[in-house]
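Please open the structure in a viewer and keep the selection tool at hand.

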Amino acid sequence: MSKDIEDPQDWEDATKLIRGGLSRSHWGETAEALYLTQSFVYDTAEQADERFAGTSNTPGFIYSRYSNPTTKMFEDRLALLEGAPFCRSTASGMAAVATSLVGLLSAGDHILASKALFGSCRWIITQYLPRMGVEFTTVQGTDLDAWKKAVRPNTKVLFLESPANPLLEVIDVAAVAAIAKEAGARLVVDNVFATPLFQKPLQLGADIVVYSATKHIDGGGRVLGGAILGDEALIEESYRDFLRHTGPALSPFNAWVLLKGIETIDLRVRRQSETAATLADLLADHPKTKRVFYPLRKDHPQYEVAKKQMSGGGTLIALDVGSREAAFRFLNALQLVDISNNLGDAKSLATHPSTTTHRSFTEEDRLAIGLTDGCVRLSVGLEGANDLARDLTRALEAI
Ligand SMILES: *Cc1c(COP(=O)(O)O)cnc(C)c1O
């Protein structure tokens with residue numbers, strides 16, 4: 001009797017995260033093997049010839065700048081979680097963002113992006129791409145008419161983050177995807193804040209999803225990594241040669257760390273998100289807080305959109321305490337939460353975006369996205385919720 005072979009696509013997320021992409025060597029190791037090798041050897045000169053020509057009927061690798069068995073396991077596992085046909089990994093989230101845009105654009109093209117972006121994403125679009133002859137327009141991401149009006153005949157890419165860094169602005173991904181389709185352009189979504197658990201941009205109509213694996217996928221604040229996901233033909237055609245010849249490859253060691261990190265992302269992110277929702281309410285109720293931003297709170301400006309496209313509120317909260325002095329006093333009074341610009345870590349971290357992550361924005365650009373000097377971004381970790389509540393309350397009182 002033949003055994004029915006399980007289809008990984010049918011598994012629950014928790015199973016995909018443990019079993020997805022697993023490729024064991026002939027030694028039958030339990031844990032994923034770390035293939036710390038730069039290159040691969042061939043049995044014969046003919047085999048090398050065939051592998052380079054892409055005509056080999058035996059699967060195999062060539063060089064770790066192209067691909068590697070450990071990074072491939074990571075790519076296959078993340079693709080399974082995302083529900084994406086294909087994934088390519090990169091050395092960092094920014095390598096993923098840069099590759100995702102450069103691979104789709106040529107001189108003379110136009111890119112349209114939301115204003116609220118991570119500082120480095122904004123730098124690529126407004127500083128680097130123009131030097132390569134690519135025109136750009138930035139729009140208020142929540143204003144769908146603004147996206148439509150800014151489309152030009154040469155618009156090739158629409159780019160957004162949702163929820164956006166740092167104030168968690170939520171953009172209607174399906175609506176922007178429809179505008180992209182109509183324009184014959186591709187929609188690229190940076191899904192870092194939502195995490196692959198709570199939002200599936202490809203299902204909402206996006207063409208490409210990018211991640212900084214550095215954040216929730218590692219989850220322990222150890223290594224940098226990134227990923228680009230989407231249709232296999234689109235990724236191969238747009239990014240394969242760029243990845244091979246410019247070399248933003250993920251290190252096999254980092255891929256191995258990320259493989260172990262992703263095993264627990266479901267447990268971690270769900271717990272962190274649960275704690276974040278509780279803390280967002282606590283912060284909002286405190287008299288020293290002017291405003292709190294959390295996607296699944298009813299007072300979030302795009303609450304309805306968030307409810308429609310996100311299945312969890314996420315691990316990040318932003319709050320406005322009124323002034324830079326108040327924000328600094330708040331940060332300096334924290335005892336458990338660390339001051340750090342990273343996010344998605346098991347350790348709770350807080351930062352003052354206008355002097356750190358969004359320092360490269362002009363003041364005008366900061367105010368255009370509502371980022372005032374009183375804003376603090378909080379990445380909620382895995383510590384006990386009561387301990388965090390006490391730490392945050394004490395810091396608010398120190399203002
Ligand atoms: C951190 C981050 C990036 C960049 O990722 P790195 O791994 O640090 O290069 C890109 N986009 C968003 C939204 C991020 O938070």
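Predicted model: local features only at pLDDT ≥ 70, side-chain atom pairs only at ≥ 80, totals over all residues.

Residues are numbered from 1 along each chain as its sequence is written, and side-chain values use heavy atoms, leaving out hydrogens and water.

**Stop 1.** Select Glu32 and Lys260, whose side chains form a salt bridge (2.9 Å, N to O). The term denotes a side-chain nitrogen of Lys or Arg within 4 Å of a carboxyl oxygen of Asp or Glu. Glu32 lies in the loop between H1 and H2 and Lys260 in helix H10 (residues 252-263), so the pair ties together parts 228 residues apart in sequence. Helices (H or I, at least four residues) are DSSP runs numbered from the N terminus. Glu32 is buried at 6% relative accessible area, whereas Lys260 is partly exposed at 30%. Buried means under 20% relative accessible area, exposed over 50%, and partly exposed in between (1.4 Å probe, protein chains only).

**Stop 2.** Select Asp391 and Arg394, joined by a salt bridge (3.0 Å, N to O). Both belong to helix H15 (residues 385-398), three residues apart, about one helical turn. Asp391 is buried, at 0%, and Arg394 is partly exposed, at 33%.

**Stop 3.** Finally, select Leu36, which is exposed at 63% relative accessibility. Leu36 is found in the loop between helix H1 (13-19) and helix H2 (45-53).

Key
Helix = DSSP H or I, 4+ residues; strand = E, 2+ residues; numbered from the N terminus.
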